[in-house]
Amino acid sequence: MPKDIMSSKSVTLIIDSRLESTGLVGTAIRGICGLTRLDQREIGRMELCTVEAVTNSIKHAYGLNAGSPVRVEVTLAKERLDIRVCDQGNPMPAGALRSGTDEFDPNPDDPSTFLTGGMGLPLILDCMDIVTYRSESGWNCLTMTKNYDLR
């Protein structure tokens, strides 16, 4: 068994599909990330990415309907942080991860080019080192990985 698996630690949070619950998840992620090698800026980015992913599950998978589970699994390994956000709602459209890589280039002189939403996935893709998505056994899971700086 690889050493990083033997020394990894995991925690699972399960919340109801209500937007009010995202703050609790963000606070938990911030605390968990405090145990890593990540600096405060990166910890804030991990919190933001997780809250965005949970918000996307609530909004898009469950259509803002409360009463369904959103599962957040966090694994701390020696050299990386893995965060999985899972739901049992509508799956993400095929190709959504690829389309999320489109660059956003607003014109500061033209407010009509500013987006008021839809930046969660591009933000996640920009902040994380690896992002994958899969549906299996009735669960849709977005897995986000951040590798630690091994200086």
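**Fold, disulfide and buried contacts of the predicted chain**

The chain contains five helices and five strands, where helices (H or I, at least four residues) and strands (E, at least two) are DSSP runs numbered from the N terminus. The model is a predicted one, in which local features need pLDDT of at least 70 and side-chain atom pairs count only at pLDDT 80 or more, while totals for chains, interfaces and linings use all residues. Residues are numbered from 1 along each chain as its sequence is written, and side-chain values use heavy atoms, with hydrogens and water left out. Read along the sequence, the elements follow the pattern α-β-α-α-β-β-α-α-β-β. Of the 151 residues in the chain, 37% are buried, a term that stands for under 20% relative accessible area, with exposed meaning over 50% and partly exposed lying in between (1.4 Å probe, protein chains only). Among contacts between residues at least 6 apart in sequence, 66% join residues at least 24 apart, contact being defined as heavy atoms within 4.5 Å.

A search of the whole structure finds one disulfide, that is, a pair of cysteine sulfur atoms within 2.5 Å. This disulfide joins C86 to C141, with an S to S distance of 2.3 Å. The pair links distant parts of the chain, since C86 belongs to strand β3 (residues 80-87) and C141 to strand β5 (residues 139-147), 55 residues apart. The torsion about the S-S bond of C86 and C141 is about 115°, so the disulfide is right-handed. Both C86 and C141 are buried. Another cysteine, C127, is in no disulfide, and the nearest cysteine sulfur, that of C49, is 3.9 Å away. C127 is buried, with a relative accessible area of 5%, and C33 is likewise buried, at 1%.

C49 and C127 also take part in a helix pairing, in which C49 belongs to α3 and C127 to α5. Two packed helices are described by the angle between their axes and the distance between the axes. For helix α3 (residues 40-61) and helix α5 (residues 120-127), the axes come within 9 Å and cross at roughly 145°; axes here are lines fitted to C-alpha atoms, for helices over the stretch in contact, and angles run from 0 to 180 degrees between N-to-C directions. The crossing of α3 past α5 is left-handed, a description used if the near helix is turned anticlockwise from the far one by less than a right angle, whereas clockwise gives right-handed. On the α3 side the contact involves R45, M46, L48, C49, E52, A53 and N56, which meet G120, L121, L123, I124, D126 and C127 of α5. These residues divide into eight nonpolar, two polar and three charged, with Ala, Val, Leu, Ile, Met, Phe, Trp, Tyr, Cys and Pro counted as nonpolar, Asp, Glu, Lys and Arg as charged, and the others, Gly among them, as polar.

Helix α3 also carries T50, which counts as buried at 0% relative accessibility. Leaving aside neighbours within four places in sequence, T50 is in contact with V25, I29, V72, I83, V85 and M144. I29, in helix α2 (residues 22-33), is buried as well, with a relative accessible area of 0%. With neighbours within four places in sequence again left out, the contacts of I29 are M46, E47, T50, V72, V74 and I83. Although I29 and I83 are 54 residues apart along the chain, their C-alpha atoms are separated by 9.1 Å.

Strand β2 (residues 69-76) holds E73, and R71 has its place in strand β2 too. The side chains of R71 and E73 make a polar contact of 2.6 Å, meaning a pair of N or O atoms within 3.5 Å, of which, within protein, one must be able to donate a hydrogen and the other to accept it, and for which residues adjacent in sequence count only if both atoms are side-chain atoms. R71 counts as buried at 17% relative accessibility. Not counting residues up to four places away in sequence, R71 touches T12, L13, I14, R84, V85, C86, W139 and C141, a list that includes both cysteines of the disulfide. R71 and T12 are 59 residues apart in sequence and 6.9 Å apart in space, C-alpha to C-alpha.

Two loop residues remain to be described. L64, in the loop between α3 and β2, has a positive phi of about 65° although L64 is not a glycine. S137, in the loop between β4 (130-136) and β5, has a positive phi of about 55° and is not a glycine either. S137 is exposed, with a relative accessible area of 72%.
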